[in-house]
Amino acid sequence: MKFLIYRYDPESGKKPFMQAFELKHVEPGMMLRDALLKLKAEDETLAFRHSCGEGVCGSDAININGKNGLGCLIPVSTLKEPVEVRPVPGMPIIRDLVVDMSQFYHHYRGVKPWLIVHDPEPEVEYLQSPEERDKLDGLYECILCGCCSTSCPSFWWNPDKFRGPAALLQSYRFLADSRDQATKERLEDLDGPYRMFRCHTIMNCVNVCPKSLNPTAAINNIKKLMVKDMV
Ligand code: FES
């Protein structure tokens, strides 16, 4: 099976290039991450991130034949050859397929992804009914791989100002939480032309999410809460 893999080492002074690789033996059910590991055994200078191999840690987000995804969840049998593997777009490159996620985490921290409660702390626990808990389904499962934000043109164009789909999904995860008491502050923080309203409903985020989540719907729900807040 033939691969073309993006290679770039900023310290080498050389321009980025696509390196051809060939995998002679493709095992049945082989995932792209496993194929990359085999190729790395042949050329150990190839750099990419990975950890769990199970779609849980989110560290192996890459761009495969033009679409973002997790290497560990994509069977190579589904890919057209030569398989073009690049780093996720729009992020500074550290080396080969490894990108600098600092900006992404900056936006994640910016939405305060934790419960904010102003009431005195309960002695035992914050209670929530099963129905209230159900409202967090489709929100809490995000693994912060960044496939969505790095496929979003609005995020490419305004990486320092637009929070991006992943962070906005996380923002709604706490806005939707019956135990959180910071709705007003959270909505005020997202007001303005950039942080959330730079979303133009392009929906690349929905198209690539390996967990089948819907950041666009979350963003629309935040907008609805804003309108309610104004009435
Ligand atoms: Fe952890 Fe793919 S290696 S999500």
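The C-alpha centres of domain 1 and domain 2 lie 29 Å apart. The chain is divided into domain 1, residues 2-99, and domain 2, residues 102-230, with bounds that come from an automatic or database domain assignment. This is a predicted model, in which local features need pLDDT of at least 70 and side-chain atom pairs count only at pLDDT 80 or more, whereas totals for chains, interfaces and linings use all residues. Residues are numbered from 1 along each chain as its sequence is written.

Between the two domains, 14 residues of domain 1 are in contact with 12 residues of domain 2, contact being taken as C-beta atoms, placed from the backbone, that lie within 7 Å. On the side of domain 1 that touches domain 2, strand β4 (residues 67-70) gives the largest share, with 4 residues. By class, that side of domain 1 has 8 nonpolar, 5 polar and 1 charged residues, where Ala, Val, Leu, Ile, Met, Phe, Trp, Tyr, Cys and Pro count as nonpolar, Asp, Glu, Lys and Arg as charged, and the others, Gly among them, as polar.

## The five-stranded sheet

An open sheet of 5 strands has the order β2-β1-β5-β3-β4, and its pairing is mixed. Strands (E, at least two residues) and helices (H or I, at least four residues) are DSSP runs numbered from the N terminus, and two strands pair if DSSP finds at least two bridges between them. The edge strands are β2 (17-22) and β4, each of which pairs on one side only. From one strand to the next, the twist averages 35 degrees.

Strand β1 (residues 2-7) is joined to β2 by 6 bridges, and these two strands run antiparallel; β1 also pairs with strand β5 (residues 83-86), in the parallel sense and over 3 bridges. Leucine 4 stands opposite alanine 20 in β2 and opposite glutamate 84 in β5. Strand β3 (residues 61-64) runs antiparallel to β5, with 2 bridges joining them, and asparagine 63 stands opposite arginine 86 in β5.

## Helix α5 against α2

Helix α2 (residues 102-110) and helix α5 (residues 165-175) have axes that come within 9 Å and cross at roughly 20 degrees; axes are lines fitted to C-alpha atoms, for helices over the stretch in contact, and angles run from 0 to 180 degrees between N-to-C directions. That angle makes α2 roughly parallel to α5, since angles under 35 degrees count as roughly parallel, over 145 as roughly antiparallel, 65 to 115 as roughly perpendicular and the rest as oblique.

The crossing of α2 and α5 is right-handed, a crossing being right-handed if the near helix is turned clockwise from the far one by less than a right angle and left-handed if anticlockwise. His107, Tyr108 and Gly110 of α2 make the contact with Ala166, Ala167 and Gln170 of α5, which by class has 3 nonpolar, 3 polar and no charged residues.

## Helix α5 against α8

The axes of α5 and helix α8 (residues 215-230) come within 8 Å and cross at roughly 55 degrees, which makes α5 oblique to α8. This crossing of α5 past α8 is left-handed.

From α5, the contact is made by Pro165, Ala166, Leu168, Leu169, Ser171, Tyr172 and Leu175, and from α8 by Pro215, Ala218, Ile219, Asn221, Ile222 and Leu225. By class, the contact of α5 with α8 has 11 nonpolar, 2 polar and no charged residues.
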